[in-house]
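Welcome! Take a moment to look over the model shown here, and then let us walk through a few of its parts together.

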Amino acid sequence: MEHPENNEAYKGLTVNSGVEQPSIINPYLKRGRYKRRELSVADMVEGIVKGNVTVLSQAVTLVESVNPDHKAKAQEVIEKCLPYSGKSVRIGISGVPGAGKSTSIDEFGVHVLDRWGGKLAVLAIDPSSERSKGSILGDKTRMEKLAVRPETFIRPSPSAGSLGGVARKTRETIILCEAAGYDKIFVETVGVGQSETACHSMVDFFLLIQLAGTGDELQGIKRGIMEIADGIVINKCDGENVDKCHLAATSFRNALHFFPPSDSGWQPKVLCYSGFYGTGIKEIWDMVEEYMGFVKDNGYFDYRRNEQSKYWMYETINEKLRSSFYNNAEIEHCLAGAERAVLAGEKTSFMAAKDLLNIYFKEKDGAGRDR
């Protein structure tokens, strides 16, 4: 189609070619991707012990990596940091979603730092999507006061399918943080609900945050997370909710009488507070301080730490066996066929699993039991 500006009737019309647009690529950009220098194990351990937050963050990322090449290096870093660990107070904080865990940790952390001094590490575990496998990792945005404190290290991590309210490598991350000089560790769980024993097995004090009006007295006497809590606190005790919170606290205190005595001999307390307004925070940490003195005097503190180390030894064995099974070449070859047989109804799930395990153990026997 002929353009109208080329018609004889418009021969006096002048059409400019326009301004040439610059390239969207920065002409000063250096070709070739900048590659960050990879730290050696010795450099990483030295940086962690000196309290370098950047190196600590890189080490946590290395520990959380699922890349097989990173696992050996991560374990070596953890082994070398182990002598510098074990000198912190570990607090596990759990509760139902929406109970105000992140807001409360912001208030708790400021109070603890002002009261006890030292350094604080917050390990916030964020739930991962079952569909996309991604996590928001936005808990740090709710901790506005702690985020600006230089003596605080906040590390959000995805749960990545791990059960128990914590991430797969939270235990190792605690060791790295302790080696970096953080003498107070907060572990915030994803808020699974009634069974978060994994978090309980890595902390010294397990604090359960509840809300008023979440159920009747029968809900309060359910086993699971209730009987492993060392302290129960009811949040959002402000405004018109004060009476409801105190009524709920009475119900929880009555429910605790139905539980058998804890191994430590400690009787859990039930307190009310407001994380938003920051009221009742002092009483909570008076309770934590009283508990720590109680278990250190009767020897339960050291006993619990030893039991936790034994527990995580077995957990590491289970994880290693699982990884070895699914990364086995023969199993990878047979797994799809076993799935098809189960879906087609040719085999039961139990028989297919038994056949796969037989293949795995026969191969291990043939290879000298994986020597």
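Helices (H or I, at least four residues) and strands (E, at least two) are DSSP runs, numbered from the N terminus. What you see is a predicted model, in which local features need pLDDT of at least 70 and side-chain atom pairs count only at pLDDT 80 or more, while totals for chains, interfaces and linings use all residues. Residues are numbered from 1 along each chain as its sequence is written, and side-chain values use heavy atoms, with hydrogens and water left out.

The predictor's confidence in each residue is its pLDDT, from 0 to 100. Its mean over the protein is 83, and 81% of the residues reach 70 or more.

Now find helix 6 (residues 170-179). Ten of its ten residues are buried, so helix 6 is largely enclosed by the rest of the structure; buried means under 20% relative accessible area, exposed over 50%, and partly exposed in between (1.4 Å probe, protein chains only). Among them are Arg-171, Glu-172 and Cys-177. After this helix comes Gly-181, with a positive phi near 100°.

Helix 10 (residues 242-256) tells another story. Its buried residues are Cys-245, Ala-248, Ala-249, Phe-252, Ala-255 and Leu-256. They cover an arc of only 120° around the axis, so they lie on the same side of helix 10; the arc is that of the directions from the helix axis to the C-beta atoms. The face turned away from that buried side carries the exposed Asp-243 and Leu-247.
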